[in-house]
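Trainee: I would like to learn how to read the features of a protein model. Please take me through one.

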Amino acid sequence: MALDDTKNISAEQRELDEFMQQQEGLSQLQGTVRHLTGFCWNQCINSPSTPLDRTERACLQNCVNRFYDSMNIVVQHLSGSQ
Amino acid sequence: MAFNLTGNKSAELKDKIRQELALANAREIIQHTNETCFKSCVPNPGQSLSGSETNCLSSCVKKYLEAWNHISQAYVQRVQKEEGNGRH
């Protein structure tokens with residue numbers, strides 16, 4: 001009985017740990033998106049009050065992807081592998 | 001029996017954590033949006049917001065959230081693509 005409880009608790013615990021890791025990952029992703037929004041907004045948006053147009057949309061998309069490319073290069077250099 | 005009880009508690013806890021996380025994210029987005037739009041629309045803060053400042057803020061908030069949504073999609077797409085490339 002006591003053994004069964006311990007087993008259940010640890011299974012539950014493991015599942016909770018996994019859940020917390022997922023949430024932590026989600027939280028990081030949300031943080032990156034928030035940061036990128038501010039960053040790419042400054043790069044791409046000239047007038048804040050006109051509707052988001054096609055050029056701005058394309059710029060935002062490029063900004064995200066080039067930021068990611070650039071991040072890959074930075075990480076490559078810092079980790080010493082070329 | 002004991003497992004079910006723990007299971008309910010665990011589901012409650014998870015819901016609570018999800019809610020807190022969503023709330024924290026929303027708070028941050030609201031603050032970023034306000035800072036960005038305030039800077040653009042209210043260059044010289046007066047006694048009260050003028051009609052044009054209010055209009056500018058409304059359009060800016062809409063645009064900022066649209067941009068956030070667009071970037072969210074683009075970033076998730078890129079992450080998924082990179083993960084796909086990583087697993088040869």
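Mentor: Start with the surface of one chain. Accessible areas come from the Shrake-Rupley method with a 1.4 Å probe, and for residues only the protein chains shown count as cover. Chain B exposes about 6,300 Å², and carbon and sulfur atoms supply 54% of it. This is a predicted model, in which local features need pLDDT of at least 70 and side-chain atom pairs count only at pLDDT 80 or more, while totals for chains, interfaces and linings use all residues. Residues are numbered from 1 along each chain as its sequence is written, chains are lettered from A and ligands numbered from 1 in the order in which they are written, and side-chain values use heavy atoms, with hydrogens and water left out.

Trainee: How many helices and strands make up the secondary structure of chain B?

Mentor: Helices (H or I, at least four residues) and strands (E, at least two) are DSSP runs, numbered from the N terminus. Chain B has two helices and zero strands.

Trainee: What share of the residues of chain B count as buried?

Mentor: Buried means under 20% relative accessible area, exposed over 50%, and partly exposed in between (1.4 Å probe, protein chains only). Of the 88 residues of chain B, 27% are buried.

Trainee: Why does H70(B) count as buried?

Mentor: H70(B) counts as buried because its relative accessibility is 14%. This residue lies in helix α2 of chain B. Contact means heavy atoms within 4.5 Å. Setting aside neighbours within four places in sequence, H70(B) is in contact with R57(A), L60(A) and Q61(A).

Trainee: Which residues touch the most other members of the largest nonpolar core?

Mentor: A nonpolar core is a set of buried Ala, Val, Leu, Ile, Met, Phe, Trp, Tyr and Cys residues joined through side-chain atoms within 4.5 Å. The largest one has 23 residues, and C40(A), L60(A), V64(A), I71(B) and Y75(B) touch the most other members. The helix α2(B) gives the most to this core, nine residues.

Trainee: How much area do chain A and chain B bury between them?

Mentor: Buried area is the accessible area (1.4 Å probe) that two parts lose on being put together, summed over both. Chain A and chain B bury about 3,300 Å² between them, 67% of it on carbon and sulfur atoms. R34(A), W41(A) and Y68(A) supply 20% of the area that chain A buries against chain B, more than any other three residues.

Trainee: How many salt bridges does the rule find across this interface?

Mentor: A salt bridge is a side-chain nitrogen of Lys or Arg within 4 Å of a carboxyl oxygen of Asp or Glu. The rule finds four across the interface of chain A and chain B. K14(B) forms a salt bridge with E15(A), with the closest N and O atoms 2.4 Å apart.
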